[in-house]
Amino acid sequence: MKNVLSKITLFLVAAVFVISSLGIQPASAASNPFKDVSSSDEEILYLWNRGLINGVSRTVFGPDQAVTREQAAALIGRAIGLIETPRKTKFSDVDPGRYSSGYIQSAVDKGIITGDSDGKFRPYDTMTRGEMAFLLSRAFNYNKTGNVFFSDITTNNTSKSLYTAVNKIAVAGVSNGTGTGTFSPTKKLIRSEFAAFVARALNANYRVAYKNTTVANLNVTVNSLNVRTGPSTGYGSIGKLNTGAPFQVYGYNGSWAYGKSGTITGYVSTAYLAKAAPATANSRFITIDAGHGGSDPGAVANGLLEKNINLDVSKRVEAKLKAKGIKVYMTRSTDVFHTLGARVDKGVASGSNAFVSIHTNAATAAASGSETFYSASVGDDSKQLATFIQNRLYKAMDHPNRGVKNYGFQVLRTNPLPAALVELGFITNQYDAAKLASGTYKDRAATAIADGIQDYYNWKAKN
C-alpha cells in the first residue's frame with residue numbers, strides 16, 4: 001500500500017488553478033447523442049454540450065467503461081483550459097501524436113502531474129478512485145477539509161495523504177463516496193463517475209452533500225466526558241456525557257472518535273468508549289419526558305392544559321416503573337420549560353438506554369384515540385418500543401387505536417436512544433378529554449405505558 005501511495009504522490013502534485021473564472025452555466029435544453037445515456041444523467045450531458053467530453057463512439061458514451069490515465073488528463077485539461085496541441089512530452093511511453101499528449105505535457109508544465117519514479121506516465125493504465133481524488137483535489141485547488149470519514153480509509157501515516165485528498169473533494173461537494181460510508185479507493189474509476197465528479201467541480205448546481213454514516217454504536221464509560229471540537233485535549237469542549245450515554249461513531253482520528261450523542265456532535269477519546277452491553281434486568285434505565293411545561297402549555301381545550309396532563313401521567317409512569325425495578329430519569333418533575341434539544345441531551349447524558357416522551361393530542365373535535373410515534377432513521381428498537389406501548393395503551397384508554405407511526409419529531413429523529421412519543425388522546429375531543437381529566441384513566445394510561453416499557457426491556461433481554 002505504501003508503494004502504491006508513493007507512486008500516486010509522484011504522479012500528482014498540487015495545482016495552482018482556480019476555475020471560477022470559467023463561468024460555465026448549465027444548458028437549458030441539453031442535446032443527447034448517446035443511446036446509453038438518459039436525460040437524468042445531467043452531468044454527462046452538461047460536459048458533452050460544452051465540448052469537454054466525448055463518447056467512445058458517436059452514439060455510445062460507455063458509462064461503465066474504465067477511465068484511463070490519459071483520458072483523465074485530457075478531461076481535466078479541457079476543464080481547466082490547458083493547451084491541447086499534441087507534442088512531445090517528458091514521458092517515453094506517451095506518443096507525441098496522441099490526442100492526450102498536449103494536455104499531459106501542459107499538466108507537467110503547470111506542475112499538476114510528474115509521472116512515476118521511472119519517468120513513465122502509464123497512459124493506458126486504469127485510474128483508480130483514489131488516484132482520482134488526488135487529481136481532482138489538486139487540479140481544482142481544494143484546500144478545505146472537514147469532519148468527513150470513510151470506513152475504508154484510515155487516518156494513519158500510510159494513508160493519511162489519501163484520506164486528506166478524499167476529505168477535500170467530499171467537503172467540496174464533488175464526491176460523497178459510495179453512499180454507504182465507504183469510498184472504495186482501489187476500485188477502478190468509470191466514465192460516468194468521473195463525468196459526475198468533473199461536472200460537480202465546474203458547477204455548484206451538481207454538487208452533493210456528504211453525510212457520515214454510523215460505523216459503531218458505543219457507550220460512554222465515565223462521567224463528565226468532554227465532547228470536543230477536534231481530536232485532542234487542546235480543542236474546546238462543547239458538552240459533556242455521563243456513564244452509559246450512547247455514542248454513534250462516524251469515524252476515527254487516531255485515538256479519538258468523531259460522532260454524535262443526542263444533539264451533540266464532536267470528538268471524544270476512545271479510551272472512554274466501549275461496546276454497548278445488551279439490555280438486562282440490571283440495565284433497564286429509561287428517560288421519561290413530560291412534554292411541554294412552564295411557558296409552553298401545549299394544547300389547550302375543554303378546560304385542560306396539555307402540560308399538566310403530560311406531567312401527571314409521567315409521574316405515575318415513573319412510580320410504576322420504579323416498582324418494577326426499572327430505573328427512571330425524568331426530564332422534568334415540575335412545571336418548567338426545556339427546549340426539545342435539551343430534553344434529548346438530558347436523556348442521553350443521564351446514561352439511560354431508552355426514551356419515552358408523553359404528550360396529549362389536539363385536532364378537530366371529531367378526532368379521537370391514542371397513537372405512538374417513532375423515527376425510522378434511528379433504528380428498529382424505536383419501532384419495537386413504540387409498538388409495545390401502543391398495543392397496551394389504546395386498550396387501557398378504551399378508545400380508537402390510531403396505530404404506530406413513523407414521524408420525524410425532533411425528540412425522536414435526533415435521539416441516539418431507542419425513542420417513542422406517546423399521544424394519550426385528543427384534548428380537543430370531549431370524550432377523550434373527559435378521560436384525560438380523570439384520575440382513573442390517567443392511571444390506566446400510566447400502567448399501560450409502564451407495562452409496554454417492561455415488554456420492551458423483556459424483548460431486548462432476549463435479543
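Strand E8 and strand E12 pair in the parallel sense over 5 bridges. Within that pairing, Thr 287 has Phe 355 of E12 as its bridge partner. This is a predicted model. E8 also pairs with strand E11 (residues 327–330), again in the parallel sense, over 4 bridges. There, Ile 286 is bridged to Val 328 of E11.

How many of the 6 residues of strand E8 are buried? The count is 6 of the 6 in residues 285–290, so the strand is largely enclosed by the rest of the structure. In a regular strand, side chains alternate between the two faces of the sheet. Both faces of E8 are covered. Phe 285, Thr 287 and Asp 289 are buried on one side. Ile 286, Ile 288 and Ala 290 are buried on the other.

## Loops around the strands

Ala 362 sits in the loop between strand E12 (354–361) and strand E13 (370–374). Its relative accessible area is 40%, which makes Ala 362 partly exposed. Leaving out residues up to four places away in sequence, Ala 362 touches Ala 299, Phe 426, Ile 427 and Thr 428. Asn 406 is 44 residues from Ala 362 along the chain, and the two C-alpha atoms are separated by 18 Å.

Asn 302 belongs to the loop between strand E9 (300–301) and strand E10 (304–305). Its phi is positive, near 50°, and Asn 302 is a residue other than glycine.

## Helix H7

Helix H7 covers residues 191–202. Its 12 residues should span 16 Å at 1.5 Å a residue. The end C-alpha atoms are 17 Å apart, which agrees.

Is H7 enclosed or open? With 11 of its 12 residues buried, H7 is largely enclosed by the rest of the structure. The buried residues are Arg 191, Glu 193, Phe 194, Ala 195, Ala 196, Phe 197, Val 198, Ala 199, Arg 200, Ala 201 and Leu 202. Their cover includes helix H2 (42–48), helix H3 (69–80) and helix H5 (129–139).

Gly 173 follows H6 and has a positive phi, near 85°. Ser 184 is in the loop between H6 and H7. The phi of Ser 184 is positive too, about 60°, although Ser 184 is not a glycine. Ser 184 is partly exposed, with a relative accessible area of 22%.

Glu 70 lies in helix H3. Is Glu 70 buried or exposed? Its relative accessible area is 4%, so Glu 70 is buried. Not counting residues up to four places away in sequence, Glu 70 touches Arg 98, Tyr 99, Ser 100, Ile 104, Phe 121, Pro 123 and Tyr 124.

Rolling a probe the size of a water molecule over the atoms shows where empty space is left. The count comes to 1 cavity of 30 Å³ or more. The largest cavity holds about 60 Å³ of space. It is lined by 12 residues, and those closest to its centre are Ala 73, Ile 76, Ala 107, Ile 113 and Leu 135. Which helix gives the largest share of this lining? H3 does, with 5 residues. By type, the cavity lining divides into 10 nonpolar, 1 polar and 1 charged.

## The largest pocket

The largest pocket contains about 1200 Å³ of space. Its lining has 44 residues, and the closest to the pocket centre are Asn 217, Pro 246, Pro 416, Leu 417 and Pro 418.

Which elements each supply at least two residues of the pocket lining? Three are strands: E1 (216–220), E4 (246–253) and E7 (273–275). The pocket lining divides into 17 nonpolar, 20 polar and 7 charged residues.

Conventions
Residues numbered from 1 in each chain as written. Predicted model: local features only at pLDDT ≥ 70, side-chain atom pairs only at ≥ 80, totals over all residues. Heavy atoms only, no water. 1 Å grid on protein atoms, 1.4 Å probe; cavity = no way out; pocket = protein on both sides within 12 Å on 5 of 7 lines; lining within 4 Å. Points joined across faces, edges and corners; volume = space filled by probe spheres on them. Nonpolar A, V, L, I, M, F, W, Y, C, P; charged D, E, K, R; others polar. Expected span 1.5 Å × (residues − 1). Buried < 20%, exposed > 50% of the residue type's maximum accessible area, 1.4 Å probe, protein only. Contact = heavy atoms within 4.5 Å. Pairing = 2+ DSSP bridges.
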